[in-house]
Amino acid sequence: MKQVKIGLIGCGSISECHLNAYQANPHVQLYAVCDLNEERAKKAAEKYNVPHVYTDYRDLLANSEIDAVSICTWNNSHAEISIASLEAGKNVLCEKPLCKTVDEALRVQEAVHRTGKMLQVGYVRRHASNIEVLRRFIDAGDLGEVYFAKASLTRRIGNPGGWFSDIERSGGGPLIDIGVHVIDLCWYLMGKPKVKSVTGNTYRKVGNRSNVLNYDFYKAADYDASHNTVEDMANALIRFENGASLMVDVSFNLHATQDSQSISIFGDKGGAELEPQLKITTERHNTMINIDPQITYPGFDFQGAFNREINHFVECCLGNTETICPVEDGTQLIQILNAIYQSASEGREIQF
Ligand SMILES: NC(=O)c1ccc[n+]([C@@H]2O[C@H](COP(=O)([O-])OP(=O)(O)OC[C@H]3O[C@@H](n4cnc5c(N)ncnc54)[C@H](O)[C@@H]3O)[C@@H](O)[C@H]2O)c1
């Protein structure tokens with residue numbers, strides 16, 4: 001059986017989901033890990049029985065045994081490491097967002113085309129089982145033409161700090177961190193229409209709410225309450241050339257009574273709620289029908305989605321299929337996100 005030898009770069013929180021998925025795949029040999037933080041890399045190597053440990057990704061890439069890499073580093077290094085990996089002859093699974101800027105995205109895209117290697121963007125939500133189910137309904141025409149989508153992912157207190165709150169390393173706050181997931185998901189389910197224009201707002205009003213007492217929330221390893229250079233919240237309206245539109249709002253911090261998570265798409269024959277759990281609605285015999293798909297995970301199944309994402313990446317590496325998350329989709333999202341930030345700072349709509 002041909003095995004794909006994997007190197008993983010960036011052994012922080014999300015790397016666990018990649019490593020668990022690779023470990024469970026019989027076509028994979030976990031071959032190397034790398035982190036700037038040697039202790040973290042060694043710990044991952046020990047836990048997952050990985051023979052090679054590096055602290056410089058260039059040394060990992062020089063190992064000719066390695067076929068493919070997962071990039072799980074801060075956003076500011078995604079482009080540089082992706083390009084170097086492709087040039088070293090490796091296939092790449094790059095965590096979302098593809099990078100920080102459109103210029104970087106176009107350089108990554110050029111490297112994919114020049115080297116003939118493959119890059120899959122880590123849009124893990126596309127691989128969730130509820131989304132695979134919904135795709136079948138959409139592809140069969142059950143929703144008709146999808147002309148509107150609405151996504152809201154708001155945390156009332158949830159700026160993780162560390163690199164997430166450092167615009168140099170992250171490229172932005174909740175918009176680039178969680179907005180990228182939901183904008184991508186809606187755009188993908190709408191059939192990837194061409195963007196016509198974007199208008200957006202970002203706010204820095206309540207800060208990281210480090211003053212709040214007696215309330216726990218996830219904090220990055222290098223959390224520092226005194227450092228925060230990203231927006232608290234963002235909202236946007238994206239118009240597409242086919243007349244469809246997408247509304248989104250996301251926050252790290254907001255004076256809301258609770259966190260909320262809702263994503264819906266609407267077509268001329270039916271609609272669907274994706275979050276908090278999959279529900280489909282349509283009409284039959286002049287009667288409104290709500291459909292509750294009976295599936296094991298009606299919501300987002302975190303590790304299961306990573307398993308399917310990585311199994312798909314491995315199938316692509318083996319040449320058995322083509323990725324459903326190509327580099328061009330990474331670039332398109334960076335173009336949308338950057339246009340939202342530009343619209344917010346200039347106070348005007350951005351035409352594509
Ligand atoms: N798909 C998802 O649902 C999801 C969830 C969380 C994070 N992410 C993405 O994964 C990436 C990592 O996020 P995280 O939460 O694991 O962060 P993290 O801070 O927990 O881990 C990042 C690790 O990368 C290492 N690192 C940074 N630059 C490096 C470099 N040049 N070379 C080697 N190591 C380097 C850091 O030392 C750290 O250990 C981010 O791009 C983030 O957007 C995706």
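I began with strand S7 (residues 146-154) and strand S11 (residues 260-267), which pair in the antiparallel sense over eight bridges; strands here are DSSP runs of E with at least two residues, helices are runs of H or I with at least four, and both are numbered from the N terminus. Two strands count as paired if DSSP finds at least two bridges between them. This is a predicted model, in which local features need pLDDT of at least 70 and side-chain atom pairs count only at pLDDT 80 or more, while totals for chains, interfaces and linings use all residues. Residues are numbered from 1 along each chain as its sequence is written.

On to strand S12 (residues 270-275): four bridges join S12 to S11, and the two run antiparallel. Ser264 has Glu273 in S12 as its bridge partner, and S11 and S12 form a hairpin with two residues between them.

Next I traced the whole sheet, which is open and has nine strands in the order S14-S13-S12-S11-S7-S10-S9-S8-S15, with mixed pairing. Strand S14 (287-291) and strand S15 (350-351) stand at the edges with a single partner strand each, so one side of each is left without a neighbour in the sheet. Within the sheet, I noted that strand S9 (residues 233-240) and strand S10 (residues 245-251) run antiparallel and are joined by seven bridges, with Ile238 opposite Leu246 in S10. I also saw that H8 packs on this sheet, touching S7, strand S8 (195-203), S9, S10 and S11, and that the direction of H8 makes about 155 degrees with that of S10.

What does H8 meet in H10? I found that Leu175, Ile176, Gly179, Val180, Ile183 and Asp184 in H8 meet Leu333, Ile336, Leu337 and Ile340 in H10, where contact requires C-beta atoms, placed from the backbone, within 7 Å. By class, the residues of this contact are eight nonpolar, one polar and one charged; Ala, Val, Leu, Ile, Met, Phe, Trp, Tyr, Cys and Pro count as nonpolar, Asp, Glu, Lys and Arg as charged, and the others, Gly among them, as polar.

Last, I turned to the ligand, which has 24 residues around it, with Gly10, Gly12, Ser13, Ile14 and Glu95 coming nearest; a residue belongs here if its C-beta atom, placed from the backbone, lies within 6 Å of the molecule. I recorded the shell as eleven nonpolar, nine polar and four charged residues.

Definitions and conventions. Contact = placed C-beta atoms within 7 Å. Axes fitted to C-alpha atoms, helices over the stretch in contact; angles between N-to-C directions.
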